[in-house]
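Biologist: Please take a close look at one part of this model, the place where the two chains meet. Then place it against the rest.

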Amino acid sequence: MNQELLYRKFDNGLVLLGEHMPWLRSAAFSLHLPAGTCYEPNGLDGLSGMTNEMVQRGCGELDSRQFLERLDELGVERGSSITTNHSSFSCAMPREVLPETLGLYSDLVRTPHLPADQLDDARQLSLQDLRALDDEASHRCFSELKRFRYPLPFGRISQGTREGLAAIDHQKMHHFFQDTYKPAGSILAVAGNFDWTQVCDLVEARLGDWTGAPPRELPELKPNYGSRHVDHSTNQIHLALAYECEPYESPEYYESRALVGVLSDGMSSRLFTEVREKRGLVYSVFATCFSLAGLGSVLCYAGTTTNRAEETLQVLLETIFSLRDGITVDELERLKYRIKSSLVFEQESSAARSSQIASDWFYLGRVPTREEVCARVDALTCEGLQQHFCEHLPKNFSLVTVGSQALELPDGIANAQV
Amino acid sequence: MELLTHKSESGPEIVVLQDPTAFTTSLGWFVDTGARDEQPGVAGVSHFLEHMVFKGTERRTAAEVNRELDHLGAHSNAYTSEDSTVFYASVLPECQAHAVDLLTDIMQPLLREEDFETERQVVLEEIAMYDDQPPYGAFEKASELFFGEHPLATRVLGSSETVADMTVSQMHEYHRGRYTKDNMFLIASGKVDMSQLIEHVSKVSENWPAESQPRVNLPANYHSGSAVIERESRHQHYEVQMWPGLSRNDPRRYALRMLCTILADDTGSRLFWELIDTGRAETAAIWPQFFGDCGCLAGYLCCAPEDATENSKIIQRVLAETLRNGVTEKELGLARNKVSSSLILSDEKPSNRLFAVGQAWLNRRSYEPLDVVLARYAAVTPEDVMQVAAETLGREPVVVQVVGTQD
């Protein structure tokens, strides 16, 4: 299947990407704006989320209700999200309505009404999210890990803080919108069954004369290490563990990604086998790669009842370090097949593909083809992975526990820092 | 796309929604058994068995099952509900033979004692995990009150007590009685080699038990009532409601889904504009749960504890106004577009089509193509919606609230 990345950079800095998937009836887009939590002014934690909510309350000629009703009439499935770097909107729809939907979202980012009388409604919604997070111990441990491991401005969570949300007024929200909803640093990725020329003309007409400065420079990220405990009355203790690995943009990222795959991809992976299958310590255990501001981390999770928490942490760490003793040919072959088949599955979803190409562009400034990814994966060897692991032994650990008992990293691990 | 079916006297039924242009193949065993088929002493056995199915057969160890699934690059999983247990995998077409062989082989697990004891711990961890997650057992409690003595009141995971006490011989007995040729359906969608599928399934299932123990079909006698669950750690208020609904084969089910979309969809619905858009609640939803012989409407409210009373009143007012004044053509049109688009987008993937075909086959032994389903939604009138509203929301619900111990 021919795969061609369609690309256009507008004079104002907006990057438009496209990938044809003519076998689909749908089209989808992901729009990333440089308005994530790392750009929130100190003391206004939660501002990006509130602004994201406010821009969806009417734009152009449509009030809040008319805007949502129009999307429902068109049959647009939509979502929005906040990450450290971006405020994002994603939509999937029948292919025929892509042009009108793009037009609606052009209004959303350029001419939102930001109705002052609805600011408190948006604040209440953010507070709802924050309280719900406090009740969800398994999610909370990852939020606490982010706050603990990454100092400001990177460690902010999308839900913000009670104090931050309380301090936001309409003027501050409006300033944040003006500063961050800008074409420079924004990425619009379209995938599915669509007409590229039509999309280019439309984006040119609607967003071509949009102006604005690129996102602010951010300080260097210097992470924190060690352990933190959050007391929470639950049956299970939730462990979130992080250690350093190669970031997404690193030439050696695939080695890090593959090592995490050996640990956590599938039911025959080492963590699933050692922690769940052999010992029955958990229902859920996993590891995943995460990149932030040029720093890569492996994030691990396990949830277990209190009396088995220490054993679970110990087995988790032993399993991670078992990579030092080598990777089997079988493990690597299974992993390669899983990664490559997932590329085929991605061809069935315009939404998944638009999200992936936007993300690739942000981290790499380009979008690798399936052939390139397959070639990188095929080039991995057991010896190469073992060598990579031994040359980059896990270090700079952070551990967060949420539950009724604190756990500490073992001495040898806690001291394994640079 | 073409629907192909095959039923020989000696094997389970095979149903394929063939799409030669698809990139992938999705396969699944849909077993007509779930929590409602359990004796009270073994509550949770269907779900525990779902775990044990992956623990090895005469031909494969547990580790081999896991390794082979991963080697296929499979997106695979399983789930158990009140009335069905499903095992599925999506693979590249060239892996079909291996995937069918594996999925079919594990339908007759060995159920070794040692694996049973280890997996019991995993299931107990799963129960502990769900017991920690909001809304903290409120749905299970609501079902118990609503269905009373009816088997649909059974908790899918069972309880830590029933799982701790369960024996492997009880599981063997359940498996023999329910995992039978007449009770299991091999469903496939996407790019499928039908003749290869028939050959494989016929061969591997040759010695399976033929007839299932019949499902106990008691008439559902809906109850109303209320309960309160106290939690020490709780920042939000959680409230679950349950009203009578419709069975999954009821021709009015399309109207019921329209009603729920108009009232309580997560965007653009009546409850959305009253409670979500205003920031009064985090969630305010109502959706249908269909079973073979009956059904219910489930409602869920999550909001700040201090707003709970006021929000409950708002929901009651919205429902009362709907019952009194009906719904508009405009609302119905928006709901129809929303549901239709969602079905069309979902239908793009063979893995999603697998569940549409599988559930339809379990329920009705028939499958309606997407265009027929869309036509059913298009035919729903405001009067149809009002009729199902009166029959469901017009009746007293069960209400379960989760409150803090300090309240």
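Modeller: About 5,500 Å² is buried between chain A and chain B. Carbon and sulfur atoms give 53% of that area. This is a predicted model, and these totals use all residues. The contact draws 64 residues from chain A and 66 residues from chain B.

Now the charges. Chain A and chain B share 8 salt bridges. One of them pairs the side chains of A:Arg276 and B:Glu119, at 3.6 Å from N to O.

Which elements of chain A build its side? Helices 2 (64-74), 4 (119-135), 10 (270-278) and 12 (329-346) each supply at least two residues. So do strands 6 (77-82), 7 (87-94), 10 (236-245) and 12 (295-305). Helix 4 of chain A gives the most, with 9 residues. By class, the side of chain A that touches chain B has 18 nonpolar, 23 polar and 23 charged residues.

Next, the sheet in chain B. Six strands form an open sheet there, in the order 1-2-6-3-5-4, with mixed pairing. Strand 1 (2-6) and strand 4 (75-80) of chain B stand at the edges. Each has a single partner strand, so one side of each is left without a neighbour in the sheet. From one strand to the next, the twist averages 15°. Further in, strand 3 (residues 25-31) and strand 5 (residues 85-91) of chain B run antiparallel. They are joined by 7 bridges. In that pair, B:Thr25 stands opposite B:Val91.

In chain A, a cis peptide bond joins A:Leu152 and A:Pro153, with omega at about 5°. A:Pro153 is found in the loop between helix 5 (137-149) and helix 6 (162-166) of chain A. Chain B has a cis bond from B:Pro134 to B:Pro135, with omega near 5°. B:Pro135 lies in the loop between helix 4 (113-132) and helix 5 (138-147) of chain B. Finally, A:Ala293 has a positive phi of about 45°, although it is not a glycine. A:Ala293 is placed in the loop between strand 11 (285-292) and strand 12 of chain A.

How values were computed: Residues numbered from 1 in each chain as written. Chains lettered and ligands numbered in written order. Predicted model: local features only at pLDDT ≥ 70, side-chain atom pairs only at ≥ 80, totals over all residues. Heavy atoms only, no water. Pairing = 2+ DSSP bridges. Helix = DSSP H or I, 4+ residues; strand = E, 2+ residues; numbered from the N terminus. Axes fitted to C-alpha atoms, helices over the stretch in contact; angles between N-to-C directions. Contact = heavy atoms within 4.5 Å. Buried area = accessible area lost by both parts, 1.4 Å probe. Salt bridge = Lys/Arg side-chain N within 4 Å of Asp/Glu carboxyl O. Nonpolar A, V, L, I, M, F, W, Y, C, P; charged D, E, K, R; others polar.
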